[in-house]
Amino acid sequence: MAPDSTPSPEVTATGVARPGGSGVLAGRTVSRIGYGAMQLERLRGDRGAAIALLRRAVELGIDHIDTAQFYGDGLANGLIREALRPEDGVLVVTKVGADPAPGGPVPLRPAQRPEELRASVEDNLRSLGVGQVPVVNLRRMDAGPGLQAEGDQVVDLDDQLAVMTAMRDEGKIGAIGLSSVTLEGLRRAIPAGIVCVQNAYSLVTRDDEDMVRACVAEGIGWVPYFPLGGAFPGIPQVADEPAVRSAARSLGSTPSQVGLAWLLRHAPNVLLIPGTANPEHLEANVAAATIVLDDATLAALDAVPTR
């Protein structure tokens, strides 16, 4: 889904200025504002609208899309396969470590064992219709929120990295990332060649500041999920924070846009993947890249305590 030519730092393969500027992921230049495909499942009943949303993302300069086979049990991957063209130059990133569990109390189940990771990579290759996934994130269950590993799903990181690097050597994976990982786990994994980390992180949930700094030092992309908070109990919403709402009023923007703009400003290796099923929200997320936070506003946002 990505051409062989190296994308320009200024514009995407389709000639669109990069929202948020350019970043690097797995040696590829990408726009710092990307798209997370999880919410495509909300468009299950309107495939045309889902395809149009993905096409609009490309038109807006998004060339980094984050997905997983367990997003809608292959639905998101199938939509991406249908919507994207090689000339779009989009870097598609997927993840393994969980499998769909339709009809269960939650629609996912842990799939942490090495043979399950390999099977999940094969599932992603088939549903995306590719011979190699450029980046595959290993979703650990060391750090919440969400699924927790129990019983035979508690697997040593080294055993997982062994199968991930084997698949990289086989050409099935281009590069390896980590998700829901601790700082100690990241440090153990760095020798395997980690290109990005995905953890829950936002203006109001910043327990991973040490990991952000470690990633900057190692040239590893920081790709926060729940960048505006999350639906899980106990995870605060960025838009509810008084300092964020005040900044939004003074800037003539939305609180969500302020939260995304703060992330872009906070560290140079931040690559955003906010998700939505709404084209207007997609455009608003991209427009967050144009928000300028002056020193006083930035200081007020930096002073917000992590929840």
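Predicted model: local features only at pLDDT ≥ 70, side-chain atom pairs only at ≥ 80, totals over all residues.

Select Gln257 and show its side chain: with a relative accessibility of 11%, Gln257 counts as buried (buried means under 20% relative accessible area, exposed over 50%, and partly exposed in between, using a 1.4 Å probe and protein chains only). Gln257 sits in helix H8, residues 255–266; helices here are DSSP runs of H or I of at least four residues, strands are runs of E of at least two, and both are numbered from the N terminus.

Residues are numbered from 1 along each chain as its sequence is written, and side-chain values use heavy atoms, with hydrogens and water left out.

Now zoom out to the whole chain, which has 10 helices and 11 strands. Its C-alpha trace spans about 55 × 40 × 40 Å along the principal axes. Of the 307 residues, 54% count as buried. Take contacts between residues at least 6 apart in sequence: 72% of them join residues at least 24 apart.

Next, colour the sheet. Its 7 strands run in the order S3-S4-S5-S8-S9-S10-S11, open and with parallel pairing (two strands pair if DSSP finds at least two bridges between them). S3 (35–36) and S11 (221–222) are the edge strands, each with a single partner, so one side of each has no neighbour in the sheet. For a look at one pairing, pick S8 (residues 133–139) and S9 (residues 173–179), which are parallel and share 6 bridges. Leu138 has Leu178 in S9 as its bridge partner.

H4 lies across S5 (91–96), S8, S9 and S10 (194–198), at about 155° to S9; axes are lines fitted to C-alpha atoms, for helices over the stretch in contact, and angles run from 0 to 180 degrees between N-to-C directions.

For a helix pair, select H1 (residues 47–59) and H2 (residues 75–83). Their axes come within 9 Å and cross at roughly 65°. On the H1 side, the contact includes Ala50, Ile51 and Leu54; on the H2 side, Gly78, Leu79 and Ile80 are among the residues involved.

Which S2 residues point which way? Arg28 and Val30 go one way, Thr29 and Ser31 the other, and all are buried.

There are 2 residues between the strands. One to click in that loop is Ala26, which is partly exposed, with a relative accessible area of 33%. Its phi is near 55°, positive in a residue other than glycine. Most residues other than glycine have a negative phi. For another positive phi near 55°, jump to Phe226, in the loop between S11 and helix H7 (242–251).

Notes: Contact = heavy atoms within 4.5 Å.
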